[in-house]
Amino acid sequence: MSVHSDTSKTSSCEQAVAEYSRNVFETMSALVETDRNLTIRELAQDTGLAPSTEIHILKDHLKMPKIASKWVPRDLTDTQK
């Protein structure tokens, strides 16, 4: 087996993981936009992910800390301020 075919398999696998991640991020973002009072447990039930994964995605990838029991985007637009 050549090195080139291993690279293409890895590349397609990485693309699949990236696509899955984007779908998860979009799903979580849509859920939070719909109801900012969702708890981590409720999100975990809706998405099937572990609560610790939910927290990691919300804080690190979507930049949404929990403030006063609501998930809020870290960077507010001018109309949101």
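Reading from the N terminus, the elements of this chain follow the order α-α-α-β-β. That makes three helices and two strands, where helices (H or I, at least four residues) and strands (E, at least two) are DSSP runs, numbered from the N terminus. Before we go further, a word on what you are looking at: this is a predicted model, in which local features need pLDDT of at least 70 and side-chain atom pairs count only at pLDDT 80 or more, while totals for chains, interfaces and linings use all residues. Residues are numbered from 1 along each chain as its sequence is written, and side-chain values use heavy atoms, with hydrogens and water left out.

Let's start with the whole chain. Its accessible surface is about 5900 Å², and 55% of that belongs to carbon and sulfur atoms; such areas come from the Shrake-Rupley method with a 1.4 Å probe, and for residues only the protein chains shown count as cover. Of the 81 residues, 19% count as buried. Here buried means under 20% relative accessible area, exposed means over 50%, and partly exposed is in between (1.4 Å probe, protein chains only).

Now step inside. In soluble globular proteins, nonpolar side chains tend to be buried together. The largest nonpolar core here has twelve residues: V24, M28, V32, L38, I40, L43, L49, I57, L58, L62, M64 and W71. Helices α1, α2 (40-47) and α3 (51-61) each supply at least two residues of this core, and α1 gives the largest share, with three. A nonpolar core is a set of buried Ala, Val, Leu, Ile, Met, Phe, Trp, Tyr and Cys residues joined through side-chain atoms within 4.5 Å.

Leaving aside its neighbours within four places in sequence, M64 is in contact with V32, E33, R36, L58, K59, W71, V72 and P73.

Next, look for E54 in helix α3. Is E54 buried or exposed? E54 counts as buried, because its relative accessibility is 0%. Not counting residues up to four places away in sequence, E54 touches M28, I40, L43, A44, T47 and L49.

Charged side chains can also be found in pairs here. The structure holds two salt bridges, each being a side-chain nitrogen of Lys or Arg within 4 Å of a carboxyl oxygen of Asp or Glu. In one of them, E19 pairs with R22, and their closest N and O atoms are 2.8 Å apart. Both residues lie in helix α1 (residues 3-34), three residues apart, about one turn of the helix. E19 is partly exposed at 37% relative accessibility, and R22 is partly exposed at 42%.

The other salt bridge joins R36 to E33, with the closest N and O atoms 3.1 Å apart. R36 counts as partly exposed at 22% relative accessibility, and E33 is partly exposed at 43%.

Finally, follow the chain to K66 in strand β1 (residues 66-67). K66 and R36 are 30 residues apart in sequence, and their C-alpha atoms are 9.2 Å apart in space. K66 is partly exposed, with a relative accessible area of 35%. Residues up to four places away in sequence aside, K66 touches L38, T39 and W71.

Note on methods:
Contact means heavy atoms within 4.5 Å.
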